[in-house]
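Please examine the sequence and the three-dimensional structure shown here before reading the report.

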Amino acid sequence: MIDKRTRIPGYALLFLQTILLLVTLYFYMGEKYVDQWQDYLSDQTTYTVHLNNFPAGKKQEALDYLEDQASRKSFLLLRKERDTGMLIGVAGDSSKLQADFSYYNVKLLSKADLNRLLTSQNSAATIGLATGSINQIKSLYQFAGSGRVVIAKMDYLVKQTKEVDGSYQLAGLSSERDYQTIIKGLRRITGQKASNFTSQMGGHDSSDGLTYVFTAGFLLLTSVGLLSYFFVILFSLLKTAGDLILLGWSKQDILLSALRPFLSFTAAAGGLSAVVLAGWAGQGTGLTLSFALVFLGGLVLSLVMTCLVFALASFLLLSLSNIDLIKGRYPRRTLYAVTIAFYLIFSSGLVGVLSGIDGPLDSVAANQEQARQWQKNAGMQLLESTSSGQDGDRAYTDSSSAIYRDFYHYYQYLQDKPGVYLANSFYASKSWLADSRANESYKSLPLKPVTILTASPSYLRHISFKVSQAALKAAKAGSRVYFIPQSMTSRERRALEAFLKEDAQTGVSSGDLQTAFVKKRKFLFVTYQEQGEVFTWNNNVKEPYQSRNPVIYLAVPENMTYVEIGGLFASGMNGYLKFADQKTRKRYTSQALLARFNLSDNKPNLVSVSSYIDGLQKSLWQTVIMFGAALVILLVLLLLLLLILVMIYKQLNREEIAVKKFLGFSPRQLYALPLGVILLTGAGQIFAAGLLRSKVGLFVLPLICLLQLSLFYLYVIKDSFNDVVELFKGE
């Protein structure tokens, strides 16, 4: 009924659908595998100790105490660190535990294996592959594309994570009295209250569903392509269906006959793929059979999906009566409406994707311009990222939290160190001033746009800006010291000083870190003579990155408010803290120094300005590529729908087109409906792109319209007289 050549595209789509389902199941099993390790031995303990943020000098002592108690009281101390995989640290005694680990009823770890690790003299010994096979005393099954699961001694885990803080399970401990004794011992060592050890103060979920989003997206697109394919072949079979009905066939028989070869191919090719993939995934373990059963279940799901898609595509044939099929009478309006509706939906999707590309592309261009502007400071190091650590995410917005205090004390230590700078700026633009006046955000505002540069004494020395000893002394006594350019008029200066006073005190509260300024609220304004262009660290390329007459706030720890303190751990271009070069950064971000200020768990990561901009560019280009991939897929489906529309129109008007073609009618006259749909939709797309102000859309959409017109004419003109010949042959 359907020739072999016509089936090839359908076979390809079905094979792709089946493979996508099998791969999705494999990734799902990989995630559940790590989840099961997360629950390892959790059913054999009700007690957990949380080592939260406490003095660095006491951390190792607290951990040593826990390990000693694990040996004395015969329980197993576990700490689990999950990223893409799982690192499990163990210490103590596992003799009281049922420590076997099984996955799909296949034992992967025994109690003897765990005891062998605990009693090993090699401090780097592991179960599962970590840094090298030389230290691996037993292998663990690993899923491709997922992180490794590794069990190691507790000291090894601490060395790898570079921190003691975390949650420790006491597996095998069954006595509440023993648990309370352990808590009392930790209180004695650290001076912390009991709730610090019984309540978790941080944590995160590292599960990543991005894989499922991509596979689900590709599965959906594959199903749409399969639906379009089945619709085309079933539409082309309508005339044959009428002939077969005359011979006594039912519509169900016709559909089953059309579907059967596709189901047979899916069962054969999918079954073979499932077996091969199961053999590869099983890695010679007892899991091979489990994988085979799961993948065969995926094959059944693929067959069910195929039947559902085929059933949707069969609506036209099933909706027609036998008489209509025999006489070749088809519901033109319904067919046109459904096809055009899908065509318009995908056309709208194209506009949405193209308008979405504008933002990332504009950011790419802005970053390139910023890289040019910041070229002279490309080697300086800025804060790329921090972690909330044990402080919790809420600490970022709580100016009384430990993270504010810790970074403040950290900068107090750094402020006079060579190569350590504080630099940031704010540009009060015309639009910002207008919005602030309209919203009545301030009682006083500058009379004209101005740049306000926040800078430490060390940075001002770096740019050869002279700071008098009197001004520096006033700043260290707690006064907010501002340098005002001499070129400013008295009226402008009065308005500016009033604004600076109001702005510095806005939002300051008694719960903030009590610096000398917060207590005294004193100000000092000093006039300076402009000397040349000053780089402002402005991260908006539409605003000036240099200024001849900026207002300069002399920032020292004593005259800071919560704004500048929060800026110390702000990441990216908005951050305040800068290091002169990589050498300086390494010197002042050592683990020992960070631990001294309780910042080990916050993991401040600094990179050069050029590296940071390059990283942004890479992320932005990845986003553009993702949009581009979606654009290509939508375009292919749109072109497929266009061909379906033209094919339906051609089939429904076959005789009329053949006669008119014989009489010399042009393709434009013969195919007015599909041609009109292309042109009107294209015009609507361009109009929508204009409303959305999409530069990419306004450039690409006319090209897409031309591509559709070219494909349309190629399809129409090819074998242009075939219909005429077939008509006069009596077909």
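## Overall make-up

The structure is a predicted model. The protein contains 28 helices and 19 strands. Of its 731 residues, 49% are buried.

Contacts can also be sorted by distance along the sequence.

Helix 1 covers residues 4-38 and has 35 residues. From its first C-alpha to its last it reaches 51 Å, close to the 51 Å expected at 1.5 Å a residue.

## Aromatic pairs

The whole structure holds 46 aromatic pairs. One of them is formed by Tyr103 and Tyr104, with ring centres 4.8 Å apart. The planes of Tyr103 and Tyr104 stand at 80°, and pairs with planes over 60 degrees apart count as edge-to-face, so this pair is edge-to-face. Tyr103 has a relative accessibility of 2% and therefore counts as buried, the limit being under 20%. Tyr104, with a relative accessible area of 40%, is partly exposed.

A further pair consists of Phe465 and Tyr528, whose ring centres are 5.2 Å apart. Their planes are at 75°, so this pair is edge-to-face as well. Phe465 lies in the loop between helix 16 (457-462) and helix 17 (469-476), while Tyr528 belongs to strand 14 (residues 523-528). The pair therefore ties together parts that are 63 residues apart in sequence. Both Phe465 and Tyr528 are buried.

## A charge over two rings

Over which rings does Arg480 lie? The charged end of Arg480 sits over the ring of Phe517, at 5.4 Å from its centre. Arg480 also lies over the face of Tyr553, where the distance to the ring centre is 4.0 Å.

## Nonpolar cores

The largest nonpolar core has 67 residues. The residues with the most contacts inside this core are Phe230, Leu234, Leu238, Phe262, Leu354, Ile648 and Tyr671. Helix 23 (residues 609-652) gives the most to the core, contributing 14 residues.

Leaving aside residues up to four places away in sequence, Leu354 touches Leu631, Ser694, Val696, Gly697, Val700, Leu701 and Ile704. Another core, of 41 residues, lies apart from the largest one, and Leu496, Ile565, Tyr576 and Leu606 are among its members.

Methods. Residues numbered from 1 in each chain as written. Predicted model: local features only at pLDDT ≥ 70, side-chain atom pairs only at ≥ 80, totals over all residues. Heavy atoms only, no water. Helix = DSSP H or I, 4+ residues; strand = E, 2+ residues; numbered from the N terminus. Expected span 1.5 Å × (residues − 1). Phe/Tyr/Trp six-rings, centres within 6.5 Å; stacked < 30°, edge-to-face > 60°. Buried < 20%, exposed > 50% of the residue type's maximum accessible area, 1.4 Å probe, protein only. Lys NZ or Arg CZ within 6 Å of the ring centre and 35° of its normal. Core = buried A, V, L, I, M, F, W, Y, C linked by side-chain atoms within 4.5 Å. Contact = heavy atoms within 4.5 Å.
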